[in-house]
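Have a look at it first, then go through the points below.

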Amino acid sequence: MSSEPRIFDPDEHDDVHLETELPEAELSDEAWETAALPDDLLLLGDQLRCDATRLHESHRADRLQHELLRPERAQRAETLVPARGISAWLPLLWLLPVVLITAALVSNGQPTVPRIPASPAVAVTPSVTPQAEYSPQVYSVSLPAETPSQHGPSAAELDALLDLMQNETASVAVSL
Amino acid sequence: MKICGLDVEKLTSLYFDRIHRAALLMSGNAWDADDLAQEVFLIVANDPTKFEGRSSHYTYLYGILLNLERRLRRKRRMHQEKTEKLAQRQDGPTAAVAADVPVVSEEWKRSLWSVAAELPDGQRQAIVLRFGEELPYQEIADILGCPLGTVKSRIFHGLGTLRKLVAESPGQLREIPRELGDAQSDVI
């Protein structure tokens, strides 16, 4: 180790250069912190570490919850929104003409369904018999005979009046 | 498609969670973290020749992530400033400004990381990599592309600024002891 004194050079003592020559460089990080930082700053550092851990845990829990809920959400979305795009059944549509042609060929060659034979013509005379005879019950009601009442002029009076009208042109007041 | 003997699929399965975790701490919401992490691996997949193999895979990935996050943050800030100016000019309500603020998770808002988000970029990144990702100082220096001493300095000053911000923040984060006040260490 050389004991030669260093010559002071003011340009050498800028901030960066000073910092690189700190004697604590050989210390471990933790040892440097303990030696260099006052207690309250050390506490601040610890508090920062705790807060960081808490934030990470909280975020991880949120993400886990989100991941767990994802299948349920997807399932709910599937039931609510009809699936778009190519359906799994769509390729089967290509088989439809083949199936139809095969069915037509089979039905021409061998009728798979037995036909119902036509029934012979039969003259049908419907015989309708009344189920029961209708016998209405007639109720006869006898009302008391109406007594004739005298309304208006009698025949004799009318004849006299007619005669009077024929004979005289003057107006006649007739009291009934 | 291989990146120094490791194909992109393998790389993603190995490091995606790690990158996502760091993105979550910085952005404060899962949506931005998802986007950032995916973009990191997209960049790698689009141009695998950029990785020269001088550092480890995740060092390279973290480097991309930090750049992307810084760009996103800058873009948001500029957008917010423009919206604020517009709102002032029109004398309108500030609802338009509020709508531009990214939604962050409640848990992140209650954590110290929401306060750390207000730190300058260099300090914030060093603190995320050290206290969020538990990386050794030397690796942090490799990722940030600066000397080891600078990383230590950023950590120290970053924590100091964080303490001040916590002291100024409303009630919820005040449980951190402040009895030592603004006493600075004489290390740096």
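**Notes on the model**

1. Starting with chain B: 47% of its 188 residues are buried, where buried means under 20% relative accessible area, exposed over 50% and partly exposed in between, with a 1.4 Å probe and protein chains only. Bear in mind that this is a predicted model, in which local features need pLDDT of at least 70, side-chain atom pairs count only at pLDDT 80 or more, and totals for chains, interfaces and linings use all residues. As for bookkeeping, residues are numbered from 1 along each chain as its sequence is written, chains are lettered from A and ligands numbered from 1 in the order in which they are written, and side-chain values use heavy atoms, leaving out hydrogens and water.

2. What does the secondary structure of chain B hold? Nine helices and two strands, counting DSSP runs numbered from the N terminus (helices are H or I with at least four residues, strands are E with at least two). Along the sequence the pattern is β-β-α-α-α-α-α-α-α-α-α. Among chain B contacts (heavy atoms within 4.5 Å) between residues at least 6 apart in sequence, 62% join residues at least 24 apart.

3. Chain A, for the record, has five helices and zero strands, running α-α-α-α-α from the N terminus. Of its 176 residues, 11% count as buried.

4. Now a helix pair in chain B. H7 (residues 121-132) and H9 (residues 148-168) of chain B pack at an angle of about 100°, with axes 8 Å apart. The axes are lines fitted to C-alpha atoms, for helices over the stretch in contact, and angles run from 0 to 180 degrees between N-to-C directions.

5. By class, the contact between H7(B) and H9(B) has five nonpolar, five polar and two charged residues. The scheme takes Ala, Val, Leu, Ile, Met, Phe, Trp, Tyr, Cys and Pro as nonpolar, Asp, Glu, Lys and Arg as charged, and the others, Gly among them, as polar.

6. On to the rings: over all chains there are four aromatic pairs. Rings of Phe, Tyr and Trp (its six-membered ring) pair if their centres lie within 6.5 Å, with planes under 30 degrees apart called stacked, over 60 edge-to-face and the rest tilted. One of the pairs is B:Phe16 with B:Phe41, tilted, at 5.6 Å centre to centre and 35° between the planes. B:Phe16 lies in H1 (residues 8-27) of chain B and B:Phe41 in H2 (residues 30-46) of chain B, so the pair ties together parts 25 residues apart in sequence. B:Phe16 and B:Phe41 are both buried.

7. The rings of B:Tyr58 and B:Tyr62 have centres 6.1 Å apart and planes at 90°, so this pair is edge-to-face. Both tyrosines lie in H3 (residues 57-90) of chain B, four residues apart, about one turn of the helix. B:Tyr58 is buried at 14% relative accessible area, and B:Tyr62 is buried at 1%. Together with B:Tyr15, B:Tyr58 and B:Tyr62 form one aromatic cluster.

8. What sits over the ring of B:Tyr58? The charged end of B:Arg18, 3.9 Å from the ring centre. The test here is NZ of Lys or CZ of Arg within 6 Å of the ring centre and within 35 degrees of the ring normal.

9. Some loop positions are worth a click. B:Asn29, in the loop between H1 and H2 of chain B, is buried at 4% relative accessible area. Its C-alpha atom is 4.7 Å from that of B:Val104, 75 residues apart along the chain.

10. B:Glu134 is in the loop between H7 and H8 (137-144) of chain B. It has a positive phi of about 55° although it is not a glycine, and at 41% relative accessibility B:Glu134 counts as partly exposed.
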